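Open the model in your viewer and keep the sequence panel beside it. The tour moves from one selection to the next.

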Amino acid sequence: MSNLTPRLLTALLIAGVALAMASSISAATLEPSRTIETPFFQTSLDESGNLERFFVLRFRDDLLTPSYRTEPGKDALVGGLIFGPLGQLDAGSRLSTRISTSGSFVSTDDQGSWLPEGLELERTYRFHDDNYLVDIDVVLRNRTDQSLALATPMGKLAFWLGPILGGQLYGSAEVVAMQGEELEELSTAEELKETPSGVKWIGARGSYYASVLEEKSGRGNYVYSLVPFVGKDGKVVQGVRIGFRYQYPDIRGGEEVKLSFRLYLGSKQEDALSRAGYLPLFDNWDGMTGGIGKVMFKMLKLFHSVTGSWGIAILLLTLLVKILLHPLNLKQLRSMGKLQELQPKMQDLKKRYPDTQQFQQEVQKLYTEHNVNPLGGCFPIFLQIPIFIALYSSLMGAIELKKVSFLWLPDLAKADPYGLLPVMFAGSIYVSSKLTASPQMDKTQQSIMQIMPIMMLMMMMNVPSGVMIYLAGQSVLSLFETRYNKAVMAREDALEKARKPSTPASVSPAIPVEATVEKVVKLGPKKSGDKRRKKGKKGGSPR
């Protein structure tokens, strides 16, 4: 009896552990939803094991749409990271899902709408702590003794993500595919399209966010389409759907198929995409001005690290750009001043030479005579255009400005809610046109100068306030710079006049001796008589 007691206790202990495990599995079956949080994002899985939420913690944006409507009043459809047919699934339908002891989601569908009846789906998610990455392992098991096709009446089975990158991201998203070593843009439509063979991964990118779906092991093709859905504001916006459609033959009874995927869903930042291995998605430095934009954005980040404020950093960068371009602006103003001085003479030439070709020749002679370059006023402007484009592009795609407030501006990535910056920008353009206006301007030029501020005001009302801080700052600084440059030019003109030797009225200019003798010989008697007569009139007859 004493020998049986330890065995009995051991059996009771094993039974207790088994009962506890069964209870935990039962509880997980009843409540399978989970929320996972990393330093980068917070995500949750619904009761069917689909990823239904992906909340970027730093920028406080939810990138997934768990359920959506294509039109107001219509029934909701399923969205998010879904495994199932590519047809439109009703959000009310769910898979029968339990969580295994290893943390995997094991799903079946007795109705046959999501999965073929008898097919078991197991999904295991691994979330990275150092990036916006999620690894997903998928196992498809045929629990019957007959072959099963990987399809339902709704369509072929696929692993798909969407709608993503919708209206909350301030612009439409584009779909791209990594074909070999080149990133190719794909034309999108609401009709489902399939990528050609040889594509490594498929992705989508908007102004601030990017997503990638990469198949690590499996057989099939990537698919993509646009998805119209009703946004939070009630307006229909275009989202993107990307996925991977299986091309397997039927699974024979009792067999299984294993697949694995990697998902990136997060910010479109250079360092984050580089760590994840998807750097080609970063396009902020693309184009001819990309190098300039990269340098300027690094300077912006440096100013932010010193001041701790993105708004002040933009102002400091604006001041730096203005200081660097000051010599060019001064040269431009000097050239414009010389051209304005020649305007009366050019008008006179236009009247004297009606023939266009002859008039142009005389104008060129006039420029040469006064050492004026007609392109001198335009060349500095042309040099500034690439700098402006580079900085504008950098600020427009800077996710670092999202949800950042400054002074009265609640979000530097959104337009000024009160319109003060666009008004300041347009007003400074108007004042600047008055300061640089010339009396010789014709009516057409004057009309353009008056209309320009109004046009700029209308164009800039929806520009992100971070960009408008730069534009308005540049315009206001230009007013002070113009006044300063004019004062410098006036001082230079005064010094130049002071350096020229003045000729007193009583001193005659030097005349060569030979010329003087010749004049005395030829005109001596007459001149001397004149002098004597003048002298006599003035001082009386000499005695």
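Select Leu420. At 43% relative accessibility, Leu420 counts as partly exposed, a class that lies between buried (under 20% relative accessible area) and exposed (over 50%), with a 1.4 Å probe and protein chains only. Leu420 sits in helix 8 (residues 420-435). Helices here are DSSP runs of H or I with at least four residues, strands are runs of E with at least two, and both are numbered from the N terminus.

Areas come from the Shrake-Rupley method with a 1.4 Å probe, and for residues only the protein chains shown count as cover.

Before the next stop, two notes on the source. This is a predicted model, in which local features need pLDDT of at least 70 and side-chain atom pairs count only at pLDDT 80 or more, while totals for chains, interfaces and linings use all residues. Residues are numbered from 1 along each chain as its sequence is written, and side-chain values use heavy atoms, with hydrogens and water left out.

**The whole chain**

Zoom out. The chain holds 11 helices and 21 strands. Of its 543 residues, 43% are buried. The accessible surface comes to about 30,500 Å², and carbon and sulfur atoms account for 57% of that. Now consider contacts, meaning heavy atoms within 4.5 Å. Among contacts between residues at least 6 apart in sequence, 64% join residues at least 24 apart.

**Strand 13**

Select residues 155-164. Strand 13 is largely enclosed by the rest of the structure, because eight of its 10 residues are buried. Which strands pair with it? Strands count as paired if DSSP finds at least two bridges between them.

- Strand 7 (residues 80-85) runs antiparallel to strand 13, and six bridges join them.
- Strand 20 (residues 236-246) is also antiparallel to strand 13, with five bridges.
- Strand 12 (residues 151-152) pairs with strand 13 in the antiparallel sense over two bridges.

Centre on Trp160. Ile82 stands opposite Trp160. Gly243 in strand 20 stands opposite Trp160 as well. Strands 12 and 13 form a hairpin with two residues between them.

**Asp61**

Select Asp61, in strand 4 (residues 61-62). Is Asp61 buried or exposed? Its relative accessible area is 9%, so Asp61 is buried. Show polar contacts: pairs of N or O atoms within 3.5 Å, where within protein one must be able to donate a hydrogen and the other to accept it, and residues adjacent in sequence count only if both atoms are side-chain atoms. Another goes to the side chain of Lys403, at 3.3 Å. Beyond four places in sequence, the residues that Asp61 touches include Phe54, Phe55, Val56 and Tyr209.

**Gln42**

Move to Gln42, in strand 2 (residues 41-45). Its side chain and that of Arg53 are joined by a polar contact of 2.7 Å. Arg53 is also listed among the residues that Gln42 touches beyond four places in sequence, with Thr35, Ile36, Glu37, Phe54, Phe55 and Leu57. Draw a C-alpha distance from Gln42 to Arg60: 10.0 Å in space, for 18 residues in sequence.

**Thr318**

Select helix 4 (residues 310-341) and pick out Thr318. Thr318 is buried, with a relative accessible area of 1%. A polar atom of its side chain lies 2.7 Å from the backbone oxygen of Ile314. Leaving aside neighbours within four places in sequence, Thr318 is in contact with Tyr470, Gly473, Gln474 and Leu477.

**Thr188**

Finish in the loop between strand 15 (182-186) and strand 16 (193-194), where Thr188 lies. Thr188 is partly exposed, at 29% relative accessible area. Beyond four places in sequence, Thr188 is in contact with Val175, Tyr224 and Leu226. Thr188 and Val175 are 13 residues apart in sequence and 7.1 Å apart in space, C-alpha to C-alpha.
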